[in-house]
Amino acid sequence: MSIAQPKSLTLEEFLHYDDGTDTRYELVDGVLVAMGAEHPLNPLIASYLFSLFLSQGIPYFRIVIGHQIATTSSKANARQPDLIIHSDASQAAILQDGRILPATSPAPLLVVEVVSNSLKDKTSWDRDYQEKPIEYAERGIPEYWIIDPDRATVQIGTLTDGTYHFTAFQGRDLIQSPTFPSLDLTAEALLRAGR
């Protein structure tokens, strides 16, 4: 749903926008677009992954929930993945800017999106399965995970020749991450957020 506003917002204006609500927005061609409500499981999955990557020896300051990534897409000027694993260079770049990882900055190692209502909300499905893979590939992010509780699937996308090639994992399939090969994690455990 688009929000009525008097003029198109710049990316800088968007980064400082606060309407006094907890509504999350993305900026699409200068227009604020409210993000749908997240399923309560989504932040649990992101938190579980945070703890899992910590146990893998990734420093806590490179595992982030809430950072935004600038894109060069006509669909959105900035995205906020559910979880990001920064490279040393991307972590330094966002700390320098403070609000967003600029489009010209080094790419993080991994972005994770937890899809909300993929069976009922075509907009949500399109965003995570069609738009974001193109945007994140253009940024050169080596790995993109799509975690879809409604479809009970975890898809791991590996960037090859500018396009993600996805492998789907379900049930007791052991998730195979090229960037983090020592993970001992099944799709089922991740979809249940480790519970």
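**Aromatic pairs**

I started with the rings, and I found eight aromatic pairs in this structure, which is a predicted model.

**Nonpolar cores**

Next I turned to the nonpolar residues. A general reminder for myself: in soluble globular proteins, nonpolar side chains tend to be buried together. Here, the largest nonpolar core has 26 residues. I wrote down the ones with the most contacts inside this core: L49, F53, W145, I147, V154 and L190. Which elements give two or more residues to this core? I listed helix 2 (41-55), strand 6 (83-85), strand 7 (110-114), strand 8, strand 9 and helix 5 (187-191). Helix 2 gives the largest share, five residues.

I then checked the neighbours of L190. Leaving out residues up to four places away in sequence, L190 touches I45, Y48, L49, W145, I147, V154, I175 and L185. There is also a second, separate core of 15 residues, and I69, L101, Y136 and Y164 are among them.

**A glutamine in a loop**

I went on to Q68, in the loop between strand 3 (63-64) and strand 4 (69-70). Is Q68 buried or exposed? I found a relative accessible area of 13%, so Q68 is buried, as the cut-off is under 20%. The Q68 side chain makes a polar contact with the side chain of Q80, at 3.5 Å.

**Two positive phi values**

Last, I looked at the backbone. Most residues other than glycine have a negative phi, so I was curious about exceptions. A152 is one of them, with a positive phi near 55°. I placed A152 in the loop between strand 8 (143-148) and strand 9 (153-160). A152 is partly exposed, because its relative accessible area is 37%.

D161 also has a positive phi, about 50°, without being a glycine. I found D161 in the loop between strand 9 and strand 10 (163-169). With a relative accessible area of 78%, D161 is exposed.

Methods
Residues are numbered from 1 along each chain as its sequence is written. This is a predicted model: local features need pLDDT of at least 70, side-chain atom pairs count only at pLDDT 80 or more; totals for chains, interfaces and linings use all residues. Side-chain values use heavy atoms; hydrogens and water are left out. Helices (H or I, at least four residues) and strands (E, at least two) are DSSP runs, numbered from the N terminus. Buried means under 20% relative accessible area, exposed over 50%, partly exposed in between (1.4 Å probe, protein chains only). A nonpolar core is a set of buried Ala, Val, Leu, Ile, Met, Phe, Trp, Tyr and Cys residues joined through side-chain atoms within 4.5 Å. Contact means heavy atoms within 4.5 Å. A polar contact is a pair of N or O atoms within 3.5 Å; within protein, one must be able to donate a hydrogen and the other to accept it, and residues adjacent in sequence count only if both atoms are side-chain atoms. Rings of Phe, Tyr and Trp (its six-membered ring) pair if their centres lie within 6.5 Å; planes under 30 degrees apart count as stacked, over 60 as edge-to-face and the rest as tilted.
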